Amino acid sequence: MAGLLAYCRQGFEPELAAELSTRAAKVGYPGYARTERNSGYVVLVADDSAALNHALPWRDLIFARQKMQLLGELKGLDPSDRISPIVQLLHHYHPPAVTGTTEAERRPAYGEVWVEHPDSDAAKPLAGLARSFANALRPALRRQGLLSARENPRLPRLHVVFVDGQHAFVGRNEAGDGAPWPLGIPRLKLLPDAPSRSALKLEEALLSLLDGQQREQLLKAGMTAADLGAAPGGWTWVLTRQHLRVSSIDNGPLRQHVMDTGLVEHLRADGFHWKPEKPLDWMVCDMVEQPRRVAERMATWFREGWCRHAVFNLKLPMKKRWDETALCLDLFEQQAGRRLDIRAKQLYHDREEITVFATTSSTR
Ligand SMILES: C[S@@+](CC[C@H](N)C(=O)[O-])C[C@H]1O[C@@H](n2cnc3c(N)ncnc32)[C@H](O)[C@@H]1O
């Protein structure tokens, strides 16, 4: 079977399926999505999977935690030898080297192998199997010349994805076109003095939605920011840890140690009406409100030039979440009235919501 395989938050399979099929059709590779509710993954069945994989970069996908080109689906695996069918499948794509081949032809096809399972209630118990199978698979792939002797992130990565003990998908991830974390989940630790668990959302957003260059260039000590819907202060605290000066807007109180940084001004005001006296570098917004209303307000900030970069959440309604997402992002882009680099993702720490990063600086 050819196509794409992508992981998502459990329960968001319909959104990911809608996103993948809509986007694939738009770039000229129509396919159909195959998924089960609460499975944590979606397969988009399509003919030219390598070209489709290239045309839908992971960076641009909202509901995909990870994405890969599907090489095959193996059902009825024999628990006493799950390795041979995988090697056989891979040899179909990468025939064994014969004598007289050049150095380049003998180069291993993969620089890493990750054995994973979807992040679903049904598949989480497969974590132990995945770990021990990876330890057995690696040396076997090396013996076959399929895997580099040492990890090499510049080569494609092989994924073996168990959905049960006898059923696995095999996929290929091109270097740089996917989440750099197993299962597509960045492991972040909540520090003891974080005012709220929400702090992790902004930390993850800065880590996943900005690239290394953007983190260096766009987040500098002494920059200014507004935090709309700031209480009890998790996002404000994350910004102060980057040494930004923050105007925190919320009728609710902020934790004292956040105020004690000396970098924060707490203003009890309505985040939909408050505006800065001078243009700021950043605006972040975690107000719980209708997503269209938030998208419109965010667009106003960019149209009026009140900020250069923003991270904001769009809380999704229970129904038609993909349609609402597409609508809100279009609305935001159109009403912002200027060229923006926009990235949106449902982050690991996002529940019924997505997070958007928008910037006037183009580094692409
Ligand atoms: C999810 S909490 C924010 C958590 C915060 N980001 C953190 O990390 O601690 C949402 C906040 O938005 C505030 N809020 C909702 N509507 C607002 C409005 N119109 N103006 C200002 N704050 C608002 C609420 O008071 C609430 O404190």
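Modeller: Two strands count as paired if DSSP finds at least two bridges between them. Strands are DSSP runs (E, at least two residues) and helices are DSSP runs too (H or I, at least four), both numbered from the N terminus. This is a predicted model, in which local features need pLDDT of at least 70 and side-chain atom pairs count only at pLDDT 80 or more, while totals for chains, interfaces and linings use all residues. Residues are numbered from 1 along each chain as its sequence is written, and side-chain values use heavy atoms, with hydrogens and water left out.

Biologist: How do S13 and S14 pair?

Modeller: S13 is antiparallel to strand S14 (residues 353–359), and five bridges link them. One of the bridge pairs is Ala344 with Val356 in S14. Contact here means heavy atoms within 4.5 Å.

Biologist: Which residue does the UniProt "active site" annotation cover?

Modeller: The unreviewed UniProt entry places that annotation on Lys315. Lys315 belongs to strand S12.

Biologist: Is Lys315 buried or exposed?

Modeller: Lys315 is buried, because its relative accessible area is 16% and buried means under 20% (exposed is over 50%, partly exposed in between, with a 1.4 Å probe and protein chains only).

Biologist: What is Lys315 in contact with?

Modeller: Beyond its neighbours within four places in sequence, Lys315 touches several residues, including Lys201, Asp286, Glu289, Glu352 and Glu353. Its side chain also makes a polar contact with the side chain of Asp286, at 2.8 Å. A polar contact is a pair of N or O atoms within 3.5 Å; within protein, one must be able to donate a hydrogen and the other to accept it, and residues adjacent in sequence count only if both atoms are side-chain atoms.

Biologist: Changing topic, how many residues surround the ligand?

Modeller: The ligand is surrounded by 16 residues, the closest being Ser196, Gly234, Asp250, Gly271 and Asp286 (a residue is near if one of its heavy atoms lies within 4 Å). A nitrogen atom of the ligand is 2.9 Å from a polar side-chain atom of Asp270. Polar backbone atoms are involved too: one of Ala231 lies 3.3 Å from a ligand oxygen atom, and one of Gly233 lies 3.3 Å from a ligand oxygen atom.

Biologist: And the sheet with S1 and S4, what is its order?

Modeller: Seven strands make that open sheet, ordered S2-S3-S1-S4-S7-S6-S5 with mixed pairing. Strand S2 (32–35) and strand S5 (112–116) are at the edges, as each has a single partner strand. The twist averages 30° from one strand to the next.

Biologist: How many residues of S4 are buried?

Modeller: In strand S4 (residues 66–74), nine of nine residues are buried. S4 runs antiparallel to strand S1 (residues 3–7), joined by five bridges, and Leu4 stands opposite Gln69. S4 is also antiparallel to strand S7 (residues 167–173), again through five bridges, with Leu74 partnering Ala168 in S7.

Definitions and conventions:
UniProt positions renumbered as here; feature names shortened; annotations may be inferred. Axes fitted to C-alpha atoms, helices over the stretch in contact; angles between N-to-C directions.
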